[in-house]
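Visitor: I would like a close look at one part of this protein. Please take it step by step.

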Amino acid sequence: MRLCAQSASVLIQSDGFLGVQNSPDKIAAFVPEQVKLAFQAAVAEACRFVGQTAPNPAVGCVLLSAEGQVLSLAAHHKAGQLHAERLACEQARAAGVLHQVHTAVVTLEPCNHTGRTPPCTEALLETPVKTIWIGCADPNPRVAGGGAARLVQAGRTVQWLEHAPNGAALFALCRALLAPFVQKTVHGRPWLTVKQALNSAGTMVPPTGQTTFTTPDSLAFAHKLRRATDGIVTGTGTVQADLPSFTVRHVTDHPNRRRLLVVCGQAAHVPHAWHAKVEQQFDVLLCPDAAMLPSLLASTDALWLMVEAGPTLLATLKAQNLWDDWLSIRQNAAGVDHFSVSTQHDVTPLALFPEWARCTQEQTCFPE
C-alpha cells in the first residue's frame, strides 16, 4: 500500500528508503555553524559532478581546522578517480595543511573497502582528524560497509546529521544527493524522472514547425537535468515526430560525457539515419516492450535517467508505476511556465536545483 499526502514541501523523515546502517554512537549533537557551512559547501561541490560519477554516487567532503577554517574542499569526480575524502586529504597534503585537520565533513559515510581506490576511512585515519560528521550512511548492500565503525574503533568521534536536532535541512540535501544511488543499489533500477511539458490547452503538442513551447528558463532547467542525469528514456513516437538530438545545450555539459539512450518501441520504427547519428554520442538500447524496461535499466551503470517521451509511453509508465518523480512544466495562456512535481518518495534529487524553489509539490507517496 502507498500513502499519498498533499504537501507544499518535501517531507523530511526516515522511511526505510535511506535508513542509517552501521551507525555507532548515534549521539544527538547539535551541528556547529562552521560544520553547517561545510556541509553546504560539500553538497554544492558534489553537485558539480552529478551526472558523471555513475556507477558511483556523487559525494562531497570538507576538511576543517580546529578553528573551523576550510582546509580542503573536494568531491568525487568520476568512477576510477579518487573518492571525495581521499582527494580532500591529498589536496590538504599538497597545500601543507594536512597536520591541521581537526574535523571532516562528508555527505556519505566513508567507504571501508578496497575497490578501484583504497578505503576512504584509511585516508582520514592518516590525518589527525578528531571528529567526522556524516550526512548519510552507506546504503550499498554489496559492500561490507562499516566505515563509521572503523573510525570509532580507531578512536575518532563520529556524528550523524540524521540525529542532530538542527540537522534536518542539511540531512535532506545529503539524501537528495544520494537518492539515485540508493534507488539503484537498494531497489535495483535507476531513478526515473519524468519531464512533461504541457501547453495552455493541457496538451504536449507544440505549434507547427516547433519542437517545444516552453520558455528559455524552462529550457535551461531541462538541460540542467540532462546534464545531471546519466541518460534519456524515450519512445519511438517521439523519435519519429521530432528526430531529437537529446544533447545538452543551453548549459555547459560535462566534458566528453557519453550517456545512455533507451528507446521504447519496435526497431522498425526507429529511422536508420537518426539511429546512426545519436550513436555517435549515446549508448543506444532498444526496448521493444515497456515491461522489459526495469530489467534492462538494471543491467546498466546508470543511476539517474530522465524520461522525455510522448503521451503513449508516459501513460504506460504511469500504469506500471515506473517512475520516481514527475516534473510537469505547464504554460498558461500568458506564456508563463509553472513547475510542479509529484514524487514517489520523501526525497528527490530535484531538490538540489535552484529551480526547486519555484516548484509546487503536488503529491508525495511513500510506502506504509
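Is Asp-230 buried or exposed, and what is its relative accessible area?

Guide: A word first: this is a predicted model. Asp-230 is buried, with a relative accessible area of 6%.

Now look at its partner. The side chain of Asp-230 meets that of Arg-257 in a salt bridge. The N to O distance is 2.9 Å. Where do the two sit? Asp-230 lies in the loop between helix H6 (216–228) and S8, while Arg-257 lies in the loop between helix H7 (236–242) and S9. They are 27 residues apart in sequence, so the pair ties together separate parts. Arg-257 counts as partly exposed, at 22% relative accessibility. Asp-230, at 6%, is buried.

Step along to Arg-258. This residue forms a salt bridge with Asp-283. The closest N and O atoms are 2.8 Å apart. This pair also links distant parts of the chain. Arg-258 is in the loop between H7 and S9. Asp-283 is in strand S10 (residues 282–287).

A search of the whole structure finds 12 of them. One joins the side chains of Arg-93 and Glu-90, at 3.0 Å from N to O. Here the partners share an element. Both lie in helix H2 (residues 84–94). They are three residues apart, about one turn of the helix. Each is partly exposed: Arg-93 has a relative accessible area of 38%, and Glu-90 has 34%.

Next, a buried polar residue. Gln-361 is in strand S14 (residues 360–367). Its relative accessible area is 4%, so Gln-361 is buried. The side chain of Gln-361 has a polar contact of 3.3 Å with that of Thr-343.

Last, the cysteines. A disulfide is a covalent bond between the sulfur atoms of two cysteines. How many does the search of the whole structure find? The count is zero. Take Cys-61. The closest cysteine sulfur is in Cys-89, 6.5 Å away, which is too far for a bond. Cys-61 is buried, with a relative accessible area of 0%. Now take Cys-174. The closest cysteine sulfur is in Cys-136, 5.2 Å away, and that is also too far for a bond. Cys-174 is buried too, at 1% relative accessible area.

To return to where you started: Asp-230 is buried, and its side chain meets that of Arg-257 in a salt bridge.

Methods. Residues are numbered from 1 along each chain as its sequence is written. This is a predicted model: local features need pLDDT of at least 70, side-chain atom pairs count only at pLDDT 80 or more; totals for chains, interfaces and linings use all residues. Side-chain values use heavy atoms; hydrogens and water are left out. Helices (H or I, at least four residues) and strands (E, at least two) are DSSP runs, numbered from the N terminus. Buried means under 20% relative accessible area, exposed over 50%, partly exposed in between (1.4 Å probe, protein chains only). A polar contact is a pair of N or O atoms within 3.5 Å; within protein, one must be able to donate a hydrogen and the other to accept it, and residues adjacent in sequence count only if both atoms are side-chain atoms. A disulfide is a pair of cysteine sulfur atoms within 2.5 Å. A salt bridge is a side-chain nitrogen of Lys or Arg within 4 Å of a carboxyl oxygen of Asp or Glu.
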